[in-house]
Amino acid sequence: MKRSPKGILASLLCAVMLCGCAGQERSSRQTDSQSSQVAAVISDEETPDTSSEDTTPVTTTFTTTLYSSTFPITNSQEAPEEAPTTETTTAAATSNQVSQPEETSSTAATTYAAATTAAVTKPESSGFSLNWKLSSTWEENGKKCGGYEVTITNNSGSPVSSWTVEVTVPNGFEITSGWNGKYTISGTKMTVKNESYNGEISNGGTAGFGFNYRSPTDFKPGKATVNGNAAAAGTSSGDTGSPQSTTAAATIVTVPPAPEDPKGSTPVATHGHLSVKGSQLVDKNGNGYQLRGMSTHGITWFPDFVNENAFRTLRDDWNTNVVRLAMYVDEWGNGQCYMKNKDGSRQLLDKGVDICLKLGMYVIIDWHVLNPGDPTAYTDEAIEFFNEVSKKYADYPNIIYEIVNEPNGGASWSGSIKPYAEKIIPVIRKNDKDAVIIVGTPTWSQDIDQAMNDPLKYDNIMYALHFYAATHTDWLRERTEKCVAGGLPIFVSEFGCCDASGGGSNDFAQAEKWLNLLDKYGISYCNWSLANKAETCSAFKPSASANGNWSDSDYSEVGAWIRKWFRNH
């Protein structure tokens, strides 16, 4: 709910998760184009040892919103004029088996961090319980890194309007990204306060926050309080604290499998190669055709959802025809994003594509740019990536390329996004001359009118529109209708029923208005996210398996709703 693992509330919050997220996020969350974003940059360099000079605790404050964040930093010691840095990351948030890379006659093993839920008992003194889920661990520059998703349950007997969690952490502990909370570290105490949108917890209700960290030593949740009262914290026997766990090796093949479709009845067998005619996506016969399906969260955050049974269930039970594979490019330096784990990311992506080829489903290869917001930051890497994948899959009608997910942070259409697209599109066209290509638009893919006023001069191009129904309402629908009237080919490659943070409450009335509008114009759409992350936009409860054939008890509120929508429309 990249989501990376890919949020901002309209007008009130700074312009963050994975939903997806499904995120992971992220679950990529945003407000309208008038919202502002302030990005602070945090050095990955270790802080010089000043203990012999001054023992005053250093306090660093992070104010975050999922998928887009503002991180004001305060320090009780006077900062040097120029701190040495080796690498910088933009602080913000969002988010096991391997598939087949191109080489032959070898095997590969991909390492993924095990996600383990630590059951925590409710302390009688506070009436609150904390549930910690370890989402990932890795090592970087000699430091222990990882991520946690935390769920607060209110069993106090009455609702609360705000919450504060305090946790003991090791000396030198740092937050590298956080979401759904305001983070302060002082010495060995980390304090997390609610954001403006998630402070209320009804009796028996829950709220959640999450973070990635960097630490000189291993970190496991220990002593903790909620609203000043002791709350038990611990780990289950399954949480070994080991940095990584490794899956079994997979045999590498060079050619994707043949479609499993003896009756020729799958979406791709029936509709074949897609193209763009005017503002409409059309099938091999030139008839309008609408793609509707699910977007994964960041595939390396929730790799277990990239499996054949899950995709087959989406096709046969949910009545969907497309899967969007969200591959985070640079999730604030997280060790599981593409820039830190190219082989693992590619193997998972290839696995997902190959499953869709076998099942006769369409598949979107999503270069999930969220951080940094300007896609030109990784133009060379994008050229290399799209050259490889378009060469590999050029002969398959299933493939759609999304070359930039959600440009943000001031990345303009004419200054950054269009010039970037004009470099990437020819690379794909060299190998796959008529594939459909989706291009993101400014302000987290909301400013589609900028693309309408200055479109790309290529065939089979569509422009991404993203919305979160509880945040993006009439004003963005009005913009959408104007762009449709202007002939702009729109593809909603990501949407959620909740607010732009990936959390809060679902607004199904607004979601229904959106989907009715999209159905009216035949605009394709993918819901964020195919994940069991503990956030509103995830289609599944944290307890649900990733292996398809799901029962009603596995679905989150939005998962049950969107499945019903797909089945009934």
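Biologist: Which residues is Val-439 in contact with, leaving aside its neighbours within four places in sequence?

Modeller: This is a predicted model, so pairs of side-chain atoms count only at pLDDT 80 or more. Val-439 is among the residues with the most contacts inside the largest nonpolar core. Leaving aside neighbours within four places in sequence, its partners are Ile-403, Val-404, Trp-413, Ile-417, Ala-421, Leu-456, Ile-461, Met-462, Tyr-463 and Ala-464.

Biologist: Nice start! How many residues does the largest nonpolar core have?

Modeller: In soluble globular proteins, nonpolar side chains tend to be buried together. Here, Phe-311, Trp-318, Trp-367, Phe-386, Tyr-401, Ile-403 and Val-439 have the most contacts inside the largest core. The number of residues in that core is 93.

Biologist: And how many residues are in the second, separate core?

Modeller: Phe-128, Trp-132, Leu-134 and Val-226 are included in that second core. It is separate, and its residues number 27.

Biologist: What percentage of the protein chain do buried residues make up?

Modeller: The chain has 569 residues, with ten helices and 28 strands. Its accessible surface comes to about 21000 Å², and carbon and sulfur atoms account for 46% of that. As for the residues themselves, the buried share is 59%.

Biologist: Let's turn to the helices. Are α8 and α9 roughly parallel or roughly antiparallel to each other?

Modeller: The axes of α8 (residues 474-485) and α9 come within 11 Å and cross at roughly 5°. Angles under 35 degrees count as roughly parallel. The two helices, α8 and α9, are therefore roughly parallel.

Biologist: How do the residues of the contact of α8 with α9 divide into nonpolar, polar and charged?

Modeller: From α8 come Leu-476, Arg-477, Thr-480, Glu-481 and Val-484. The α9 side brings Gln-510, Lys-513, Trp-514, Leu-517, Lys-520 and Tyr-521. Sorted by kind, the residues of this contact are five nonpolar, two polar and four charged.

Biologist: Now the backbone. Which residues does the cis peptide bond with omega of about -10° join?

Modeller: Most residues other than glycine have a negative phi, and most peptide bonds are trans. Pro-372 is placed in the loop between β23 (362-368) and α4 (379-392). The cis bond with omega of about -10° joins Asn-371 and Pro-372.

Biologist: What is omega for the cis peptide bond that joins Trp-528 and Ser-529?

Modeller: Ser-529 sits in strand β28, which covers residues 524-530. The peptide bond from Trp-528 to Ser-529 is cis, and its omega is about 10°.

Biologist: Is Ser-445 buried or exposed?

Modeller: Ser-445 belongs to helix α6 (residues 442-445), and its phi is positive, near 60°. Its relative accessible area is 0%, and the cut-off for burial is under 20%, so Ser-445 is buried.

Biologist: What about Asn-460: buried or exposed?

Modeller: Asn-460 lies in the loop between α7 (448-453) and β26 (461-468). Phi of Asn-460 is near 60°, again a positive value in a residue other than glycine. With a relative accessible area of 12%, and burial set at under 20%, Asn-460 is therefore buried.

Biologist: Last one: what separates the C-alpha atoms of Gly-504 and Gly-199?

Modeller: Gly-504 is in the loop between β27 (490-496) and α9 (508-521), and at 36% relative accessibility Gly-504 counts as partly exposed. Not counting residues up to four places away in sequence, Gly-504 touches Asp-499 and Thr-536. Gly-199 is 305 residues apart from Gly-504 along the chain, and their C-alpha atoms are separated by 10.0 Å.

Note on methods: Residues numbered from 1 in each chain as written. Predicted model: local features only at pLDDT ≥ 70, side-chain atom pairs only at ≥ 80, totals over all residues. Heavy atoms only, no water. Helix = DSSP H or I, 4+ residues; strand = E, 2+ residues; numbered from the N terminus. Buried < 20%, exposed > 50% of the residue type's maximum accessible area, 1.4 Å probe, protein only. Areas by Shrake-Rupley, 256 points an atom, 1.4 Å probe, with all protein chains shown as cover. Contact = heavy atoms within 4.5 Å. Core = buried A, V, L, I, M, F, W, Y, C linked by side-chain atoms within 4.5 Å. Axes fitted to C-alpha atoms, helices over the stretch in contact; angles between N-to-C directions. Parallel < 35°, antiparallel > 145°, perpendicular 65-115°, else oblique. Nonpolar A, V, L, I, M, F, W, Y, C, P; charged D, E, K, R; others polar.
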